[in-house]
Amino acid sequence: MSRKQPIIAIDGPVGAGKSVAARELARALGFSYLNTGAMYRAVAIAAREAGLSPDDPNIEEKLASILKGIKIKFDGEKILLNGRDVTAMKDDPEIGELASRFSAIGSVRVRMRELQRAAGVGGGVVMEGRDIGTAIFPDAEFKFFLDADVKTRAHRRYEELKKKGASITEDEVLNQLVERDRRDSGRELAPLKRADDATVIDSTNLSIDAVVAAMKAKINDRNNAGKDLKRA
């Protein structure tokens with residue numbers, strides 16, 4: 001293995017708890033954390049501000065200049081789009097819907113893949129998304145697929161949005177998640193799916209602490225000498 005530290009890939013649908021679990025696992029191991037979903041949301045923000053629609057038949061051509069120059073960075077919990085903090089915008093339900101639709105566009109996925117691989121290629125990173133273990137880092141040393149019952153996921157997402165002041169009902173969130181699942185799983189390019197060698201964790205009845213503990217246990221089990229991966 002050329003990497004000094006492993007890559008830990010966590011995939012799964014919206015509301016399964018990927019972001020919190022990945023962030024906590026990264027903190028426990030002393031690894032970097034990369035939320036690839038937030039990167040697609042940053043693209044959606046840039047596209048919306050440019051007045052672009054994923055329905056435009058010439059959208060790839062119109063996106064070219066945005067994708068070529070886009071800079072997406074993370075500063076702790078903040079996401080910076082071309083140096084501007086867009087954290088407060090990324091959880092807007094409209095942005096989430098646009099991110100899902102733009103993510104099905106080939107040129108968007110190609111550019112995001114470049115940025116994601118550049119950010120994680122050295123290892124020592126926990127990366128979460130929908131195609132990390134299948135398309136971005138199929139050679140990741142550790143792969144997890146985090147899932148949960150769709151109604152449980154909708155409730156979690158609804159509570160999260162409600163705390164942020166979003167005006168939306170739980171039924172609306174459920175309908176959006178069902179549609180997102182259909183679109184993400186059915187798209188031709190890098191669909192949401194479990195890698196064959198991923199460990200599946202059903203978080204329906206698990207706390208985040210329990211999910212992180214299960215991941216750490218799997219990592220330690222596969223570490224032949226039982227060494228602690230945490231960076232010195």
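**Note on the predicted model: strands, cores, pocket and cavity**

1. Ser 32 stands opposite Val 125 in strand S6 (125-129). Ser 32 belongs to strand S2 (residues 32-35), and S2 and S6 pair in the parallel sense over four bridges. Two strands are said to pair if DSSP finds at least two bridges between them. Strands (E, at least two residues) and helices (H or I, at least four) are DSSP runs, numbered from the N terminus.

2. A word on the basis of this note. The model is predicted: local features need pLDDT of at least 70, side-chain atom pairs count only at pLDDT 80 or more, and totals for chains, interfaces and linings use all residues. Residues are numbered from 1 along each chain as its sequence is written, and side-chain values use heavy atoms, with hydrogens and water left out.

3. S6 also pairs with S1, in the parallel sense and over five bridges. Within that pairing, Val 126 in S6 is the bridge partner of Ile 8. Is S6 buried or exposed? Five of the five residues of S6 are buried, so the strand is largely enclosed by the rest of the structure. Buried means under 20% relative accessible area, exposed means over 50%, and partly exposed lies in between (1.4 Å probe, protein chains only). In a regular strand the side chains alternate between the two faces of the sheet. In S6 both faces are covered, with Val 125, Met 127 and Gly 129 on one side and Val 126 and Glu 128 on the other.

4. A separate item is an open sheet of three strands, in the order S3-S4-S5 with antiparallel pairing. Its edge strands are S3 (72-75) and S5 (84-85), each of which pairs on one side only. S3 and S4 are joined over four bridges in the antiparallel sense, and Phe 74 stands opposite Ile 79 in S4.

5. The loop between S4 and S5 holds Asn 82. This residue has a positive phi of about 50° although it is not a glycine. Asn 82 is partly exposed, at a relative accessible area of 48%.

6. The largest nonpolar core has 35 residues, and those with the most contacts inside it are Leu 63, Ile 72, Leu 81, Phe 102, Val 108 and Met 112. Such a core is a set of buried Ala, Val, Leu, Ile, Met, Phe, Trp, Tyr and Cys residues joined through side-chain atoms within 4.5 Å. Which element gives the largest share of this core? Helix H2 does, with nine residues. Elements that supply at least two residues each include S1, S4, S6 and helix H6 (106-120).

7. Not counting residues up to four places away in sequence, Leu 81 touches Ala 42, Ile 45, Ala 46, Ile 70, Lys 71, Ile 72 and Val 86. Contact here means heavy atoms within 4.5 Å. A second, separate core of 18 residues includes Ala 21, Val 126, Val 212 and Ile 219.

8. The largest pocket has a volume of about 850 Å³. It is lined by 44 residues, and the closest to its centre are Ser 19, Asn 35, Glu 128, Arg 157 and Glu 160. H2 gives the most to this lining, with five residues. The lining divides into 14 nonpolar, twelve polar and 18 charged residues. Here Ala, Val, Leu, Ile, Met, Phe, Trp, Tyr, Cys and Pro count as nonpolar, Asp, Glu, Lys and Arg as charged, and the others, Gly among them, as polar.

9. How many cavities of 30 Å³ or more are there? The count comes to one, and the largest cavity has a volume of about 100 Å³. On a 1 Å grid over the protein atoms alone, a cavity is a set of points where a 1.4 Å probe fits but cannot get out, while a pocket is an open set with protein on both sides within 12 Å along at least five of seven lines; lining residues have an atom within 4 Å of a point. Grid points are joined across faces, edges and corners, and a volume is the space filled by probe spheres set on the points. Residues lining the largest cavity include Val 14, Arg 41, Arg 157 and Arg 180.

10. Lys 4 lies in the segment before S1 and counts as exposed, at 81% relative accessibility. Phe 142, in strand S7 (residues 142-147), is buried, with a relative accessible area of 8%.
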